[in-house]
Amino acid sequence: MKDRLRQMTGGILLVSLLLLGFSNPFQQFINMPSNITLLEGQEHVISKGEAVTAMADSPESFSYSEQANSVSLTAETPGKDELFLQIAGLPVKKVDVNVLKNFKVFPGGQSIGVRLNTLGVLVVGHHLVSTKDAKASPGEEAGIQVGDIITKINGKKIEKMEQVAPFVEDAGKSGKALDLTVQREKEQFQTKLLPLKDEKEQEYKLGLYIRDSAAGIGTMTFYEPKSKKYGALGHVISDIDTKKPIVVDNGQIVNSTVTSIEKGKNGNPGEKLARFSGNREVIGNITLNSPFGIFGKLNKDIKNGAMDKEMPIGLSHQVKEGPAKILTVVEGDQVEPYDIEIVSTIPQKFPATKGMVIKVTDKRLLNKTGGIVQGMSGSPIIQDGKLIGAVTHVFVNDPTSGYGVHIEWMLHEAGIDIYEQQNLDKVG
């Protein structure tokens, strides 16, 4: 009898736990955050049940007010504090609240021209050299692959294509192989290469196609006025032939003017056609080409003519589904805001390039471009008066939609670490 009673009691408890697991209050409790990061002055609302109350022991970094089904937090000063959620006076959940210094940047939207100089000379292909006896590619036989970068020849640093020819000529005439230092991905290796004389052209050749620079257009995302650091594009620049990211030695950005638009269609993303502005004035350098865009420093302040005030940023967990705007140029050099919808967003804890799915809803932009087109990458995304990210990619089969990257990851790549700033200030 006792065993049967124990079994019945256990069964009732099991069913109760299962029902509790599917109940709204329990699901609401599970979804409550364990930690919240805010910038000074920002607000955050935590949903809770009526039976749940909030308690904090004299917090310095935030203030809060309690309603029947929610708790509203207001970030006051940089620091870390704790908020406890309790039932019948018993704490059931601890929420770590981290308040960061308020941080503002100028949004971009300007069309920019990009010139990249590679680290050494980039190998973009092989070709055969026709000699009296046979056809061969000395470069391929030396183990050099497409995408490799030749950084040194005979111990001397190589930066431009024109530096290569004298070495090739001397080696061919002397019959002494060149000592090459080659960068492949993150590794370096040495190899020897003896140029062959082309029978028709009577010139010594490597059997390699090489390039030392690349150019294109994109969109400025943001710049920070004190440091002049900027971020643009929102994605890596890859070589058109090798399809591999370009390893940058240095580069420049200039103003560009949009001359026309090739409208996007399903299966065929459109493109902004632009030219570098007439004066070709260099407005900044390029020091990094990463999965999150290009980065460097501006030579001067720049304006977009649409939103020329410093704007707070929105962290990834603060982005929400719903209306937003992008700033971009579709004609000349005029930056304009256009309506979009944030279809989905991921509150990322670690850097990742695809944090949002966005959809263009503005009829003006749809009529002009068909949606997101090449050259629009880097267009800043604005929501609730905050810069939250940048346009990165278009969906090939749906040019009205694409991906966006969260702004905090672009700031980090630019060397602006909003999290470390607070820690350094506290130590000092």
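Contact here means heavy atoms within 4.5 Å. The model is predicted: local features need pLDDT of at least 70, side-chain atom pairs count only at pLDDT 80 or more, and totals for chains, interfaces and linings use all residues. Residues are numbered from 1 along each chain as its sequence is written, and side-chain values use heavy atoms, with hydrogens and water left out.

**View 1. Domain 1 and domain 2.** The chain is assigned domain 1 (19–100), domain 2 (105–113 + 214–414) and domain 3 (128–206); such bounds come from an automatic or database domain assignment. Taken over C-alpha atoms, the centres of domain 1 and domain 2 are 35 Å apart. In contact are 5 residues of domain 1 and 5 residues of domain 2.

**View 2. Buried area between domain 1 and domain 2.** About 430 Å² is buried between these domains, 54% of it from carbon and sulfur atoms; buried area is the accessible area (1.4 Å probe) that two parts lose on being put together, summed over both. On the domain 1 side, Thr37, Leu39 and Gln42 lose the most area to domain 2, together 73% of what that side buries.

**View 3. Phe106 and Tyr223.** The whole structure holds 3 aromatic pairs (ring centres of Phe, Tyr or Trp, its six-membered ring, within 6.5 Å; planes under 30 degrees apart are stacked, over 60 edge-to-face, the rest tilted). The Phe106 and Tyr223 rings are stacked because their planes meet at 10 degrees, with centres 5.2 Å apart. Phe106 lies in strand S8 (residues 104–107) and Tyr223 in strand S18 (residues 208–223), 117 residues apart; strands are DSSP runs (E, at least two residues), numbered from the N terminus.

Notes:
Helices (H or I, at least four residues) and strands (E, at least two) are DSSP runs, numbered from the N terminus.
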